[in-house]
Amino acid sequence: MYEAQVQVRWGDSDRLGHVNNTRFIEYMQEARIQFFTHAFSGAEGDERPRASVVRKMDVEFLVPVTDDSGPLTVEVSVLHVGTSSYTLRHVVKSRDGVTCGFGDAVLVAFDRRTETSRPLGANERAVLESHLDTAVAH
């Protein structure tokens, strides 16, 4: 599991002092980018993953995130690696370690030229499988 640190920004909250749910998804994206940067640094072959697009996201909000919740820790783990897609889990925790929510994102390897899905490359598959979490938990 990879742990990313994400800041709660001043403009992220609404008039009730809660972070807007759309920002929650942005935190997951920021953590995913940090994960990719970490996971693929030093990898053999291409050091960066090729293009992938988000196909589906499921998010469960458990506890409101507020300005005082941060910095947040977002735990990113790989749940599944398929032929052309993979699933990442993001668990968002407050600075006190309280789980505020979690979300799963299905990403599909994408060919920019044809704008269609493509099989995962050997390097991408190896890196993702090395981060596979066999103990799927919330």
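Two rings of Phe, Tyr or Trp are counted as a pair if their centres lie within 6.5 Å. In this predicted model, ring pairs join Y2, F35, F36, F40 and Y86 into a cluster. The structure holds five aromatic pairs. One of them is formed by F35 and F36, with 5.7 Å from centre to centre and 45° between the planes, and this pair is tilted. F35 and F36 are both buried.

The mean pLDDT of the protein is 89, and 91% of the residues reach 70 or more. Among the elements, the lowest mean pLDDT belongs to α2, at 91, and the highest to β4, at 97. Where pLDDT is low, the predicted coordinates should not be read in detail.

Helix α1 covers residues 21-40 and has 20 residues. From the first C-alpha to the last, α1 reaches 29 Å, close to the 28 Å expected at 1.5 Å a residue. The buried residues of this helix are F24, Y27, M28, A31, R32, F35, F36, A39 and F40. An α-helix has 3.6 residues a turn, so residues three or four places apart point the same way. The cover over the buried residues of α1 includes the strands β1 (2-6), β2 (52-61), β3 (72-81), β4 (85-93) and β5 (99-111), together with helix α2 (122-130). H38 also lies in helix α1. This residue counts as partly exposed because its relative accessibility is 43%. H38 and L120 are 82 residues apart along the chain, and their C-alpha atoms are separated by 19 Å.

The largest nonpolar core has 29 residues, of which F35, F36, V65, Y86 and L88 touch the most other members. Two or more residues are given to this core by each of β1, α1, β3, β4, β5 and α2. The contribution of α1, eight residues, is the most from any element. Contacts of L88, leaving aside residues up to four places away in sequence, are made with R32, F35, F36, V76, S77, V78, G103, D104, A105 and L107.

β1 pairs with β3 in the antiparallel sense over five bridges. Within this pairing, V6 has L72 of β3 as its bridge partner, and E3 stands opposite E75 of β3.

Strand β3 also pairs with β4. These two strands run antiparallel and are joined by eight bridges. A hairpin of three residues connects β3 to β4. E75, the residue opposite E3, stands opposite V91 in β4. Nine of the 10 residues of β3 are buried, so this strand is largely enclosed by the rest of the structure.

How values were computed. Residues numbered from 1 in each chain as written. Predicted model: local features only at pLDDT ≥ 70, side-chain atom pairs only at ≥ 80, totals over all residues. Heavy atoms only, no water. Helix = DSSP H or I, 4+ residues; strand = E, 2+ residues; numbered from the N terminus. Expected span 1.5 Å × (residues − 1). Buried < 20%, exposed > 50% of the residue type's maximum accessible area, 1.4 Å probe, protein only. Contact = heavy atoms within 4.5 Å. pLDDT = per-residue confidence, 0-100. Core = buried A, V, L, I, M, F, W, Y, C linked by side-chain atoms within 4.5 Å. Pairing = 2+ DSSP bridges. Phe/Tyr/Trp six-rings, centres within 6.5 Å; stacked < 30°, edge-to-face > 60°.
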